[in-house]
Amino acid sequence: MKLSKIFILVLTLTLSASVLAQRSDVQEPMVFQSKQQEERFNQLTRELRCLVCQNQNLADSDAQLAHDLRAEVHEMLVAGKSDDEIKLFMVERYGDFVLYRPPVQENTYLLWLAPAGLLLIGAFVLRGNIKKRAALLESTPNDEPGN
């Protein structure tokens, strides 16, 4: 009985030590040359999608890839690249998916037109149901009280 308790204690300490021994990179604060540059950085990271999280932008994501991409955007900003150059670099490297608002192109027509198409289909279905219901109500004899 005592040997099993010692074994469990050693196993617990070993697992705890391995968790504590994992290396965690410290994220150094990003230094900007001006307030405008910082605002541009914030705007760009809100417009670019985290490729790991997919439903978060780079500014909100805690994924390691998002940290790396934010650092890359920061380096390009400090190097004097424009917003369009940074977005173009990201699109060339990761595809249109990296943009929250992908451009209207042949390969994105479905993405842009699908909501309007679904809305039209829903309107036609609703119109058909209303007409059927109105016709059904007109054809049903009314039971009047007092007759």
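**Notebook: a walk through the helices**

I read along the sequence and found that the protein chain follows the pattern α-α-α-α-α. My tally is five helices and zero strands; both are DSSP runs numbered from the N terminus, helices being H or I with at least four residues and strands E with at least two.

A note to myself on the source: this is a predicted model, where local features need pLDDT of at least 70, side-chain atom pairs count only at pLDDT 80 or more, and totals for chains, interfaces and linings use all residues. Residues are numbered from 1 along each chain as its sequence is written, and side-chain values use heavy atoms, with hydrogens and water left out.

Next I looked up burial. Of the 147 residues of the protein chain, 20% count as buried; buried means under 20% relative accessible area, exposed over 50%, and partly exposed in between (1.4 Å probe, protein chains only).

Then came the rings. I searched the whole structure and got one aromatic pair. Phe32 and Phe41 form this pair, at 5.2 Å centre to centre with 50 degrees between the planes, and it is tilted. For Phe, Tyr and Trp (its six-membered ring), centres must lie within 6.5 Å; planes under 30 degrees apart count as stacked, over 60 as edge-to-face and the rest as tilted. Phe32 and Phe41 are both buried.

I also checked Gln64, which is found in helix α3 (residues 64–78). Gln64 has a relative accessible area of 42%, so I logged it as partly exposed.
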